[in-house]
Amino acid sequence: MSRIGKRPVTVASGIEVSLDGTTLVAKKGNLEKRLETHGRVGISIDGSEVTFERKGDEKQDAAFWGTYRALFNNIIIGLDQGYTKSLEINGVGYRAAVQGKVLNLQLGHSHDINFDIPEGLDVKVEKNIITISGTDKQAVGQAAAEIRDFRPPEPYKGKGVKYTDEVIIRKAGKAAGK
């Protein structure tokens, strides 16, 4: 039995939820997020609560039950509060700047790296901290992962792009002589 799937999703005030066939639609102002379930789960809307039910007793039905509940909960939290990820740049000469819809990164390569900011995300740079925010949890996490992949942190000096809450386990360098 899914512990996630059986919990109802509480919809925050100001968010309208409707069912369009097999698609759940959540609206807040002019923002609209859709979750297509392909008829794999049963959905019932009671005022400010949305509950999900299994369609059958197969193992796959239980997996869809918890997955669609979690995805819809992420949509509701994203519309209500939003998601943020912070990255920290460490290294001499490493810097970042936002120029319109492009994040310009100088990370020790022979060239600047221009990262096109995806639609719906907001990127801010203050000193050596890059903050990515938006309403889509998957898009925020993907953009942060792609930026980190340009120069992952290395274990000897700790240089590179890391999440602000990430801990880099440092290694000792070469031992000098005997």
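## The chain as a whole

Helices (H or I, at least four residues) and strands (E, at least two) are DSSP runs, counted from the N terminus. On that basis, the protein chain in this predicted model has 2 helices and 13 strands. Its radius of gyration is 21 Å, well over the 16 Å that the globule rule gives for 178 residues, so the chain is more spread out than a compact globule. Taken along the principal axes, the box filled by the C-alpha atoms is roughly 70 × 45 × 25 Å.

What share of the 178 residues is buried? Buried residues make up 33% of the protein chain.

## Surface and charge

The accessible surface of the protein chain comes to about 11000 Å². Carbon and sulfur atoms account for 48% of that surface.

As for charge, the chain carries 27 positive and 23 negative side chains. The centres of these two sets lie 10 Å apart.

Let us begin with a hairpin. Strand E3 (residues 23–28) runs antiparallel to E4, and 6 bridges join the two. One place to look is threonine 23, which stands opposite glutamate 36 in E4. Between the strands of this hairpin there are 2 residues, and glycine 29 takes a positive phi near 65° there.

The next stop is the loop between strand E4 (31–36) and strand E5 (41–46), where threonine 37 is found. Is threonine 37 buried or exposed? Its relative accessibility is 1%, and buried means under 20%, so threonine 37 counts as buried. Leaving aside neighbours within four places in sequence, threonine 37 is in contact with Thr22, Ile43 and Tyr68.

Histidine 38 has its place in the loop between E4 and E5 as well. Histidine 38 is exposed, because its relative accessible area of 52% is over the 50% cut-off. Its backbone deserves a look too: histidine 38 has a positive phi of about 55°, although it is not a glycine. Most residues other than glycine have a negative phi.

## Strand E12 and its two partners

Now for strand E12 (residues 129–134), which is joined to strand E7 (residues 83–90) by 6 bridges, with the two running antiparallel. Along this pairing, threonine 84 stands opposite serine 133 in E12.

Strand E11 (residues 121–126) also runs antiparallel to E12, and 6 bridges join them. Which residue in E12 is the bridge partner of glutamate 126? That partner is isoleucine 129.

## The turn at lysine 127

The hairpin of E11 and E12 has 2 residues between the strands. Lysine 127 is found in this loop between E11 and E12, and lysine 127 has a positive phi of about 55° although it is not a glycine.

How much of lysine 127 is accessible? Its relative accessible area is 83%, which is over 50%, so lysine 127 counts as exposed.

Technical notes. Residues numbered from 1 in each chain as written. Predicted model: local features only at pLDDT ≥ 70, side-chain atom pairs only at ≥ 80, totals over all residues. Heavy atoms only, no water. Pairing = 2+ DSSP bridges. Rg over C-alpha atoms; globule rule 2.2 N^0.38 Å. Buried < 20%, exposed > 50% of the residue type's maximum accessible area, 1.4 Å probe, protein only. Areas by Shrake-Rupley, 256 points an atom, 1.4 Å probe, with all protein chains shown as cover. Lys, Arg positive; Asp, Glu negative; His and termini not counted. Charge placed at Lys NZ, Arg CZ, Asp CG, Glu CD. Contact = heavy atoms within 4.5 Å.
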